Amino acid sequence: MMLEVERAEGIYLYGPNGKRWIDLISGVSVSAVGHGNPKVIEAICAQAHDYLHLMVYGEAIESPQVRYAQKLASLLPDPLNSVYFVNSGSEAVEGAMKLAKRYTGRTEIVYYRNAYHGSTHGSLSVMGGEAYRNAYRPLVPDTRQIRFNCMEDLSQITERTAAVIIEPVQGEGGIFPVHRDYLQALRAQCDRMGTLLIYDEIQTGLGRTGTLYYFQQLGVTPDILCTAKALGGGMPLGAFIASNPVMAVLKSNPALGHITTFGGHPVCCAAGLAALNYILDERLMEQVETKGARYETLLADHPAVQSIRRTGLLLAVEFGDPDLTQRIVLQAIDAGLMTEWFLFHDTAMRIAPPMTITPAQIEESVEILRGVMDRQFHATKVKAE
Ligand code: PLP
């Protein structure tokens with residue numbers, strides 16, 4: 001499905017000939033503060049006037065990086081106070097994996113069935129979808145897959161394990177949140193084994209679930225946090241965040257063991273900080289629960305909907321049928337709603353609009369969606385009869 005977009009503003013994408021779509025997925029959790037947010041544009045322009053790229057990471061102190069890192073650290077629990085900026089989510093995962101190997105002196109990385117961590121070789125090596133991995137072997141060795149939320153599998157984390165990487169809410173798996181008791185048990189097992197715990201909150205970060213990061217609702221802190229997507233306010237930016245002592249191992253032996261030319265680009269950091277400040281100033285995180293719940297209420301009683309999984313303003317509407325899901329998604333796009341299904345879960349539709357969406361816009365999008373669902377569900381029933 002190729003959509004030609006000429007302009008985007010707020011929750012709307014505009015194409016040629018007056019075509020308009022409501023963006024129900026925010027470029028997969030990126031455009032949290034809406035398209036063309038004036039505060040973000042202003043920050044981008046101001047920083048572009050000051051300077052663009054100066055030097056590879058570290059030689060020159062670039063105030064946009066410093067300001068953004070300080071802000072993030074001030075909003076995160078101890079000991080997450082050292083921020084390493086990169087260009088993308090996959091790179092944040094790469095950095096986290098390398099850091100865990102260096103810090104522990106071990107090689108094994110444990111990951112989850114249906115996990116998605118990116119497309120580079122390292123992140124692909126901890127992806128929980130066999131079809132994607134198999135096409136690119138050989139991958140990074142010494143990885144081990146376990147089942148999500150399965151207590152029994154925790155014993156596979158041993159003194160050989162450098163790190164466990166987990167999405168506290170599995171995104172491409174179809175919006176499955178981790179259970180609090182499981183996460184507590186995982187943290188305890190990692191502590192017993194001297195294993196680092198890595199959270200991938202690339203899709204859930206910057207307030208989409210109602211707190212800056214989802215783990216803050218569960219009260220179980222990782223050793224390394226990976227973040228990206230909304231982090232750059234629409235510009236390419238990722239980060240892995242750890243404690244000072246953990247991060248410090250990258251400094252030596254070898255020195256320059258993890259470097260990046262563009263990671264933490266000053267314009268991206270300025271844009272990201274403006275987006276985060278907007279989220280905080282406009283109290284968008286506080287509104288996420290009500291907005292998400294409104295979608296749930298307005299959609300749950302439709303006969304096509306089997307169930308809805310939700311964390312904040314991140315929803316999976318479960319239809320239980322890949323063909324019906326595909327038809328609903330494609331027809332929704334035709335009817336003016338930008339949405340999609342999930343990489344590892346093709347029986348549900350994703351709803352993750354910009355967090356700036358208003359109650360009236362939620363009603364507007366649901367009216368269109370219910371119309372599409374009515375027609376497609378009816379067509380399925382007619383076919384079955
Ligand atoms: N981790 C998660 C949970 C993601 O959803 C994604 C992207 O969809 C990534 C990692 C990879 O991020 P990027 O596409 O920026 O490399």
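1. Two strands count as paired here if DSSP finds at least two bridges between them. With that in hand, take S11 (residues 224–227) and S12 (residues 238–242) in this predicted model: 3 bridges join S11 to S12, and the two run antiparallel. If you want one spot to look at, Thr227 has Ala239 in S12 as its bridge partner.

2. Zooming out, there is an open sheet of 7 strands with mixed pairing, in the order S4-S12-S11-S10-S7-S5-S6. Its edges are S4 (82–86) and S6 (143–146), each of which pairs on one side only. On average, neighbouring strands in this sheet are turned by 20 degrees against each other, ignoring direction.

3. Something also sits against that sheet: helix H7 (residues 180–193) packs on it and touches S5 (108–112), S6, S7 (161–166) and S10 (196–200). The direction of H7 makes about 165 degrees with that of S7.

4. Now for a helix pair. The axes of H12 (residues 322–335) and H13 (residues 359–384) come within 9 Å and cross at roughly 140 degrees. Angles over 145 would count as roughly antiparallel, so H12 and H13 are oblique to each other. The crossing of H12 past H13 is right-handed.

5. Which residues of H12 meet H13? On the H12 side they are Asp323, Leu324, Arg327, Ile328, Gln331, Ala332 and Ala335. Their counterparts in H13 include Ile368, Leu369, Val372, Met373 and Phe377. Sorted by class, the contact of H12 with H13 has 10 nonpolar, 3 polar and 3 charged residues.

Technical notes: Residues are numbered from 1 along each chain as its sequence is written. This is a predicted model: local features need pLDDT of at least 70, side-chain atom pairs count only at pLDDT 80 or more; totals for chains, interfaces and linings use all residues. Side-chain values use heavy atoms; hydrogens and water are left out. Axes are lines fitted to C-alpha atoms, for helices over the stretch in contact, and angles run from 0 to 180 degrees between N-to-C directions. Helices (H or I, at least four residues) and strands (E, at least two) are DSSP runs, numbered from the N terminus. Angles under 35 degrees count as roughly parallel, over 145 as roughly antiparallel, 65 to 115 as roughly perpendicular and the rest as oblique. A crossing is left-handed if the near helix is turned anticlockwise from the far one by less than a right angle, and right-handed if clockwise. Contact means heavy atoms within 4.5 Å. Ala, Val, Leu, Ile, Met, Phe, Trp, Tyr, Cys and Pro count as nonpolar, Asp, Glu, Lys and Arg as charged, and the others, Gly among them, as polar.
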